[in-house]
Amino acid sequence: MQSSEKRDIEFGQSFVEFGRSFVEFGRSFVEFGRSFVEFGQSFVEFVRAFIEFGQAFIEFGQAFIEFGQAFIEFG
């Protein structure tokens with residue numbers, strides 16, 4: 001093999017390795033993104049549950065107000 005041909009092959013191989021590194025780096029980003037999405041979905045579910053809990057408290061409070069008003073009217 002001629003030295004220029006060998007040099008071209010080595011140069012090409014270094015580009016291939018560099019490309020593989022980029023692919024692995026990209027895969028890491030994708031995995032991080034997926035994990036972040038899963039965390040975000042869990043957080044959204046937590047916030048929704050918290051809102052529902054708050055709404056239940058509001059309804060409970062309104063029932064107490066209505067009971068108090070009825071007690072005042074008929075008491």
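**Salt bridges along the helix**

Glu 17 and Arg 20 form a salt bridge, with their closest N and O atoms 2.9 Å apart. By salt bridge I mean a side-chain nitrogen of Lys or Arg within 4 Å of a carboxyl oxygen of Asp or Glu. This is a predicted model, in which local features need pLDDT of at least 70, side-chain atom pairs count only at pLDDT 80 or more, and totals for chains, interfaces and linings use all residues. Residues are numbered from 1 along each chain as its sequence is written, and side-chain values use heavy atoms, with hydrogens and water left out.

Why can Glu 17 and Arg 20 be described as about one helical turn apart? Because they are 3 residues apart in helix 1. Helices here are DSSP runs (H or I, at least four residues), strands are runs of E of at least two, and both are numbered from the N terminus. Glu 17 itself is partly exposed, at 44% relative accessible area; the classes are buried under 20%, exposed over 50% and partly exposed in between, with a 1.4 Å probe and protein chains only.

How many salt bridges does a search of the whole structure find? It finds 3. Another joins Glu 24 to Arg 27, with closest N and O atoms 2.9 Å apart, and these two residues are also 3 apart in helix 1. Glu 24 is partly exposed at 46% relative accessibility. Glu 31 pairs with Arg 34, where the closest N and O atoms are 3.2 Å apart; about one helical turn separates them. Glu 31, at 45%, is likewise partly exposed.

Let me turn to the chain as a whole. It has 1 helix and 0 strands. The C-alpha trace spans about 110 × 10 × 5 Å along its principal axes. The radius of gyration is 32 Å, whereas a compact globule of 75 residues would have one near 11 Å; the radius is taken over C-alpha atoms, and the globule rule is 2.2 Å times the number of residues to the power 0.38. Buried residues make up 0% of the chain.

Finally, the surface. Phe 32, Phe 36, Phe 39, Phe 43, Phe 46, Val 47, Phe 50 and Ile 51 form a nonpolar surface patch. Within helix 1, which covers residues 3-74, lies Phe 50, exposed at 58% relative accessible area. Patch members have over 30% relative accessible area and no salt bridge, with nonpolar side chains (Val, Leu, Ile, Met, Phe, Trp, Tyr) joined within 5 Å and like charges within 9 Å.

Methods
Areas by Shrake-Rupley, 256 points an atom, 1.4 Å probe, with all protein chains shown as cover.
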